[in-house]
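Here is a short briefing to read alongside the structure. Have the 3D view open and follow the topics in turn.

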Amino acid sequence: MIKRILTTIVFCSSFYFTYAQSTPGQSWNQTDLETCIRLALENNLTLLRSRVELSRSEVDLMAANGQRIPTFNMGANTGYRWGRSINPVTNLFENNRIGNVNLFSSSNLTVFAGRQIHNSVEQAKTNIELQTYNVETTKNNITLNVVNLFINVVFAKEQLKIAQNQLISTKEQYENTSKRVDAGALPLANKLDLQAQMATNELEVINATNTLQLAKLNLIQALVLPNILTEDFDVFTPDLDAEEYVLAMTDPYQIYSVSKEIMPQTKAASLGVKSADYGIKVANGVFLPTLGIGGSSFSNYVDQYFMGQRDVFWTQIQNNFSYSGTIQLNIPILNNLRNKANLQRARLQKRLSEIQEFETNLQLRQDIETALTQANAAKQSYRASIIRVESLGEAFRIAQQRFDAGAINFADFQLAQNNYFNAQADLVAAKYTYIFRAKVLDFYLGNPLEL
């Protein structure tokens, strides 16, 4: 346990030296999700803080176990006295300078303390287990956040491709229309309208690029990667098919019953109540008598003569050794209501822990209900978007042919084009929203978070 504590301290001390700069020459252009999660777990300060709290709990256990071990202390002092005082050698009052060296030691052991030591040890063990689950909860939260940010980057890249394709389509239409305008087949207004539409599409590409850069920046910051520019960072885009992501369960209460047994936050909340129970037992133990035993030894040296002689230092030390043993019984009767107040605090702490446990379970159930509702809605939206893109794509193809033939005006053509590309953007949004919602439900069922 001490080794683990020292390891954590060393890790904390070297954290910024280890991660203050990126590895020279390392490429971040094809960073996959697994690498992102690993870096986030290595660098996240909240997780580091949770691990330090776990180490503190281990220190508390060491201190609680230490109460079972006898105390032993030894020491020495030396000095001089002037004026009238009792000479330790003659046992008479003398007006003289007397020098002395005192050696002493003492030891005490608590035999019975109302089981306070035992309950303190059990409470410390429970707190270690609780903090362990808190560390796991922090890991899960970090992983979920990284998955969300990773998907946001992939989604932003897809949105940028759609905006770029729309710009390419408009440019091609502009070039074709320009030729026909120059040949006198179409009025100049058609060319100007397409020129304005092309400028609008260029603005949309700029906005999509900025959105992608911001998504990358959010992911970089979550990974705590300093000195990395968004231009030098990109993620590996997996081939994601939303149809492959199937909801394992559709009953929120069934998912909750599984998740409640495996989620670390529910286990930590339950252990919080158990720890508070031990706290009450510790507070109750103060009302019982305390029994202890102790022992001490003493010896001294005095620089005084007796009948013209003075024994040497070690001879006096050996001759002057004395020992004592004690049995101590402490019966609490009146302590300014401190013991009673501490007991009430312990009971209130248990009540707060019970409320926290109920709140944690309630929050988990509500999160699952919300996640399932959002997943079902995203799935329906994704399937509807597929049909919408197919229909509007065909409508745009026909509108383009009719516009080239002069059968419709630019406003109708622009409406068909915008509808089609907006439908593509909505499809991408619905696709990645559904994928993320499906992974969240997998997470609640204990499945690994991977794409």
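Four strands make up an open sheet in the order β2-β5-β7-β8, with antiparallel pairing. At its edges are β2 (71-81) and β8 (322-330), each of which pairs on one side only. Ignoring direction, neighbouring strands of this sheet are turned by 20 degrees against each other on average. Please keep in mind that this is a predicted model.

**Inside the sheet**

- Strands of a sheet pair through backbone hydrogen bonds, either parallel or antiparallel.
- Strands β5 and β7 run antiparallel and are joined by 12 bridges.
- Strand β7 (residues 290-302) also runs antiparallel to β8, and nine bridges join these two.
- Another bridge to β8 pairs G295 with G325.

- V111, F112, L288, L291, I293, I327, L329, I331, I333 and L334 make a nonpolar surface patch of about 1,000 Å².
- Strands β5 (98-112), β7 and β8 are the elements that give two or more residues to this patch.

**Salt bridges**

- How many salt bridges does the model hold? The count comes to 12, and three of them are worth a visit here: E53 with R56, D303 with R97, and K439 with D442.
- The side chains of E53 and R56 meet with an N to O distance of 3.5 Å. Both residues lie in helix α4 (residues 45-66), three residues apart, about one turn of the helix. E53 is partly exposed, as its relative accessible area is 30%.
- D303 and R97 form a salt bridge whose closest N and O atoms are 3.4 Å apart. D303 sits in the loop between β7 and α9 (313-319) and R97 in the loop between β4 (93-95) and β5, so this pair ties together parts that are 206 residues apart in sequence. D303 is buried, at 15% relative accessible area, whereas R97 is partly exposed, at 36%.
- K439 and D442 meet through their side chains at 3.6 Å, N to O.

**Two buried residues in helices**

- Buried or exposed: which describes F410? F410 counts as buried because its relative accessibility is 9%.
- F410 is found in helix α11 (residues 410-444). Beyond residues up to four places away in sequence, F410 touches D193, L194, Q197 and F403.
- From F410 to A399 the C-alpha to C-alpha distance is 9.8 Å, and the two are 11 residues apart in sequence.
- S169 belongs to helix α5 (residues 116-182) and is buried, with a relative accessible area of 11%.
- Which residues does S169 contact, leaving aside its neighbours within four places in sequence? They are F396, Q417 and F421.

Definitions and conventions
Residues are numbered from 1 along each chain as its sequence is written. This is a predicted model: local features need pLDDT of at least 70, side-chain atom pairs count only at pLDDT 80 or more; totals for chains, interfaces and linings use all residues. Side-chain values use heavy atoms; hydrogens and water are left out. Buried means under 20% relative accessible area, exposed over 50%, partly exposed in between (1.4 Å probe, protein chains only). Contact means heavy atoms within 4.5 Å. Two strands pair if DSSP finds at least two bridges between them. Axes are lines fitted to C-alpha atoms, for helices over the stretch in contact, and angles run from 0 to 180 degrees between N-to-C directions. Patches are made of residues with over 30% relative accessible area and no salt bridge: like charges are joined within 9 Å, nonpolar side chains (Val, Leu, Ile, Met, Phe, Trp, Tyr) within 5 Å. Accessible areas come from the Shrake-Rupley method with a 1.4 Å probe; for residues, only the protein chains shown count as cover. A salt bridge is a side-chain nitrogen of Lys or Arg within 4 Å of a carboxyl oxygen of Asp or Glu.
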